[in-house]
Structure formats: structure tokens, C-alpha cells
Amino acid sequence: MTNQIAERIALIRQQLPATVRLIAVTKQVSVEAMRVAYQAGIRDFGESRIQEAASKQQQLQDLPDITWHLIGSLQSNKAKRAVELFQWIHSLDSLKLAQRLDRLAQELCCRPQVCLQVKILSDPNKSGWTIPDLLASLPELNRCHNLQIEGLMAIPPLDLNDAEILNFFEQTRDLADKIRQQHWSNLQMHQLSMGMSDDYQLAVQAGATMVRLGRIIFGDRVYQGAVTSDQ
């Protein structure tokens, strides 16, 4: 398994442009496997759950140059812990949550980097702003001076074909371009967090700057008796 992880990472890196940041998604991945990924050059790790991430950070304190990314849905009551633990939050999905994170960041004297999660297509299984709601929220988001708002995050609905997935990612890129052209003082749109194990090559084709890959690196994970192949 150790050799497989390293080989998979090397192969993925060969396929990715140098401008694309590879985030290894480590939900339900052992600390031992994470150390293998670290030895293979991974410095960005993505976690979905606060408690699991906190435990792993304790066990990996000897690797101080890791950047931690929260990629799972964030509940408001766990926002403070998220700001304490993560340098990046990809799943900022509402104005209310943004304003709460902004207040917490001020209290904790930090400026987390965040992506705004957007729903390009209607999807009951995903959280995030609709395009009209996001555009309407921009003035208030621009006032969140304690957040470094870096770009957008998007996850396509299930059951799209490749052409539809590519179009989805292109629409996300175009939305970021539209926001950038409005020249907000505190809204940078340099990052596009999109693309997972099954569709990251399409995401890169559409302009992704960060891809979130789990299964293609670590294999399927067993969770509570079931196999999961998300990310």
C-alpha cells in the first residue's frame, strides 16, 4: 500500500499543471497513510470533520509545514474550532456563516483563507449559494475584512456526463471571472477549488487551481461497515 500511494501521487502530479494545487482528501484515512503521502510530497490535506482533523493534527505535530483544508460542510456551532484548526475553509456556503467566521477570525487574530461554495446547478444534495444569491451577497461579503476570500468552490451534481460536468466547471470559472471584473476590494477570485477523483481532469481543463483527491490516492475507505468512494 505504501508504494501504491507514492506511485499514485507521482502519476497524478505528472498529469497536473504546476499551477494546480493537489489537496489530498484524508477523511477516514489513517495517519500512517498520511505520512506516506507526506513523504511523497503532499503538503495539503483536506478533512471533512472537525473532530477527526483535530486528532490527526495532534498526531502529526512533527510535520509543521502541512496546510489543513476544511472541505466538508461546516455547522455554525463548530465555526470557532474550524477557524482554529484550518488555514483554508473551502465550504463557506452562506452569508450568515461568512459573517460568523469573520467575527471569530477577528477574535482569534487570524485571517483564514476561504472559498465560497456555489451551486451552479440546482442540487438538493449540495449546500451553497445559488448564483443570484451569491451576487446579491457580494457587498456584505466584501465587508468581511478578517477573511481572505480567495475564490469559489463547486461540486457538480451526480449523474452528469463528461460534457455536462465540463460545462458545470466552465460556468463556475465564468462566475469567478464575472465577480473579479467587479473589482471588489476584499473579494479575490484567483482560486477555483473544483475537481475530485472522477472528474479532476475536466476541472483542470476548465481552469481549476485546486483539486481535492481522495480515493484515487488512497483507495476506497471503509466507514461504519460500508465502502465510501467520495472525493
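Q: How much space lies in the largest cavity?
A: This is a predicted model, in which local features need pLDDT of at least 70, side-chain atom pairs count only at pLDDT 80 or more, and totals for chains, interfaces and linings use all residues. Residues are numbered from 1 along each chain as its sequence is written, and side-chain values use heavy atoms, leaving out hydrogens and water. A search of the whole structure finds 1 cavity of 30 Å³ or more (a set of points on a 1 Å grid over the protein atoms alone where a 1.4 Å probe fits but cannot get out; its volume is the space filled by probe spheres set on the points, which are joined across faces, edges and corners). The space in the largest cavity is about 50 Å³.

Q: Is Phe168 buried or exposed?
A: Phe168, one of the residues lining the largest cavity, sits in helix α7, residues 162–180 (a helix is a DSSP run of H or I, at least four residues). Buried means under 20% relative accessible area, exposed over 50%, and partly exposed in between, with a 1.4 Å probe and protein chains only. The relative accessibility of Phe168 is 1%, so Phe168 counts as buried.

Q: Which residues is Phe168 in contact with, leaving aside its neighbours within four places in sequence?
A: Contact means heavy atoms within 4.5 Å. Val29 is 139 residues from Phe168 along the chain, and their C-alpha atoms are separated by 29 Å. The contacts of Phe168 are Ile120, Leu121, Ala154, Ile155, Pro156 and Pro157.

Q: Which elements do the buried residues of α2 pack against?
A: Helix α2 spans residues 31–39, and its buried residues are Val31, Ala33, Met34, Val36, Ala37 and Tyr38. After α2 comes Gly41, with a positive phi near 110°. The buried residues of α2 pack against α1, β2, α3, β3 and α9.

Methods:
Helix = DSSP H or I, 4+ residues; strand = E, 2+ residues; numbered from the N terminus. 1 Å grid on protein atoms, 1.4 Å probe; cavity = no way out; pocket = protein on both sides within 12 Å on 5 of 7 lines; lining within 4 Å.
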